Structures are given as structure tokens and as C-alpha cells.
Amino acid sequence: MTDAAAAFELAQVNLARLKAPLDSPQLKDFVDALDPVNADADNADGFVWRLQSEEGDATDIAVFGDDWLIINMSVWRDADALTTYMYQGHHREMLARRREWFERVQEAMATLWWVPAGHRPTVAEAESRLLHLRTHGPTPYAFTLRTSFPPGVGEPVALDVPDDLGCSV
């Protein structure tokens with residue numbers, strides 16, 4: 001890793017629209033897996049930080065003012081560390097079952113962006129990045145694993161976001 005790359009870390013956010021309340025029988029397996037999945041993340045090589053409430057997860061943190069959306073946000077050393085974690089162990093098992101618990105949504109529900117090392121993104125920052133991706137597609141400001149950009153090239157941009165790009169159905 002270059003010195004320039006070490007000055008940045010990769011933030012990620014992904015949202016999911018619940019099919020049922022978190023305390024429902026339909027979501028029991030998902031809720032029961034949260035602690036093991038989060039423990040795997042906390043111990044993964046390249047993991048830096050994750051958003052969590054006092055309960056240890058982020059399921060009760062509001063996003064876009066929509067009670068049916070849940071947020072996962074974390075910071076990683078780089079995309080390789082993130083993808084290695086995503087596609088192994090408990091997380092991989094959860095990905096395989098995601099359609100049981102979450103609605104299919106047409107708009108982008110996940111994005112990545114580089115942050116200065118040590119910065120911990122806020123929910124408002126994540127919402128802004130996700131809306132930017134929905135409006136402009138992948139750019140250095142907000143991108144995807146498929147279309148990524150190197151660290152240090154994305155500067156904040158002012159944008160006019162249409163009202164209908166939120167997550168409400």
C-alpha cells in the first residue's frame with residue numbers, strides 16, 4: 001500500500017428494506033445471526049470500524065426517515081479486505097438468504113467512498129453519498145465494488161437531488 005493510499009480508508013454503507021418487523025418469526029434467523037456476523041467483521045483483517053448503537057448493532061438507527069430500512073455502515077482498510085469478509089463465513093451465509101428477509105429494491109442501496117484515515121462517517125454522510133450514486137452513477141465521490149476509484153480523488157460536490165430518490169415505496 002502506498003503512503004497516499006494509507007492516508008485513506010474505505011467507507012461502505014448498505015441498506016435493506018425489511019419484509020417484516022425485526023421481532024417477527026420471519027426475521028428470527030437474521031436477528032440471531034447479527035452477533036456472529038458482527039463479531040466476524042470486528043475480527044476480520046482490514047476491519048476498522050462499524051456503526052452500532054448501544055445494543056451492538058445498527059438495526060435501530062434511523063436512515064432516510066424510513067422505519068422499514070436498516071443500515072449497515074463500516075470502514076475498512078481497502079476493498080480487498082471488505083470483499084474478503086463479505087464472501088466468507090457467516091456473512092456469506094447471510095447473503096445467500098437475504099431474499100428471505102429483505103425486499104428487492106430498484107434503486108441503489110449500497111455505496112462506497114474513501115474517507116481520511118480515522119474519519120468515522122455519519123448516517124447523514126452515508127445518505128448523501130448514496131443519493132449521489134443514485135443521481136450520478138459511480139463517481140469518485142460515491143462508487144460501487146464493480147466501478148471503483150482510487151483513494152484521494154473524490155471531492156465533495158454540491159448537488160440538487162430530486163425528491164423521489166429516497167427509499168420510500
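This is a predicted model: local features need pLDDT of at least 70, side-chain atom pairs count only at pLDDT 80 or more; totals for chains, interfaces and linings use all residues.

Biologist: How many helices and strands does the chain have?

Modeller: There are five helices and four strands. Starting at the N terminus, the elements come in the order α-β-α-β-β-α-α-β-α.

Biologist: And what share of the residues counts as buried?

Modeller: The chain has 169 residues, and 43% of them count as buried. On contacts, take those with a separation of 6 or more: 74% of them are between residues 24 or more positions apart.

Biologist: How many bridges does strand 1 make with strand 3?

Modeller: Eight bridges, and the pairing of strand 1 and strand 3 (residues 69-76) is antiparallel. To find one on screen, look at Leu15, whose bridge partner in strand 3 is Ile71.

Biologist: And how many bridges join strand 1 to strand 4?

Modeller: Seven bridges join strand 1, residues 8-17, to strand 4, and these two also run antiparallel. Here you can look at Ala11, which has Trp113 in strand 4 as its bridge partner.

Biologist: Changing topic: helix 2 and helix 4. At what angle do they pack?

Modeller: Two numbers describe such a pair: the angle between the helix axes and the distance between the axes. For helix 2 (residues 28-43) and helix 4 (residues 89-101), the angle is about 150° and the axes are 10 Å apart. An angle over 145 degrees counts as roughly antiparallel, so helix 2 and helix 4 are roughly antiparallel to each other.

Biologist: Is the crossing left-handed or right-handed?

Modeller: Helix 2 passes helix 4 in a left-handed crossing. On the helix 2 side, the contact is made by Asp29, Phe30, Ala33, Pro36, Val37 and Asp40. Helix 4 brings His90, His91, Met94, Arg97 and Trp101.

Biologist: What classes of residue are those?

Modeller: The contact has six nonpolar, two polar and three charged residues.

Biologist: Last topic, Pro138 and Thr139. Where is Pro138?

Modeller: Pro138 lies in the segment after helix 5. Thr139 is also found in the segment after helix 5, which covers 123-136.

Biologist: Is Thr139 buried or exposed?

Modeller: Buried. Its relative accessible area is 18%, and the cut-off for buried is under 20%. Pro138 has 35% relative accessibility, so Pro138 counts as partly exposed.

Biologist: What do they touch, leaving out residues up to four places away in sequence?

Modeller: With that limit, Thr139 touches His132 and Phe149. Pro138 touches Leu133, Phe143, Thr144, Thr147 and Phe149.

Biologist: How far is Pro138 from Thr111 in space?

Modeller: They are 8.7 Å apart, C-alpha to C-alpha, while in sequence they are 27 residues apart.

Notes: Residues are numbered from 1 along each chain as its sequence is written. Side-chain values use heavy atoms; hydrogens and water are left out. Axes are lines fitted to C-alpha atoms, for helices over the stretch in contact, and angles run from 0 to 180 degrees between N-to-C directions. Angles under 35 degrees count as roughly parallel, over 145 as roughly antiparallel, 65 to 115 as roughly perpendicular and the rest as oblique. A crossing is left-handed if the near helix is turned anticlockwise from the far one by less than a right angle, and right-handed if clockwise. Contact means heavy atoms within 4.5 Å. Ala, Val, Leu, Ile, Met, Phe, Trp, Tyr, Cys and Pro count as nonpolar, Asp, Glu, Lys and Arg as charged, and the others, Gly among them, as polar. Two strands pair if DSSP finds at least two bridges between them. Buried means under 20% relative accessible area, exposed over 50%, partly exposed in between (1.4 Å probe, protein chains only).
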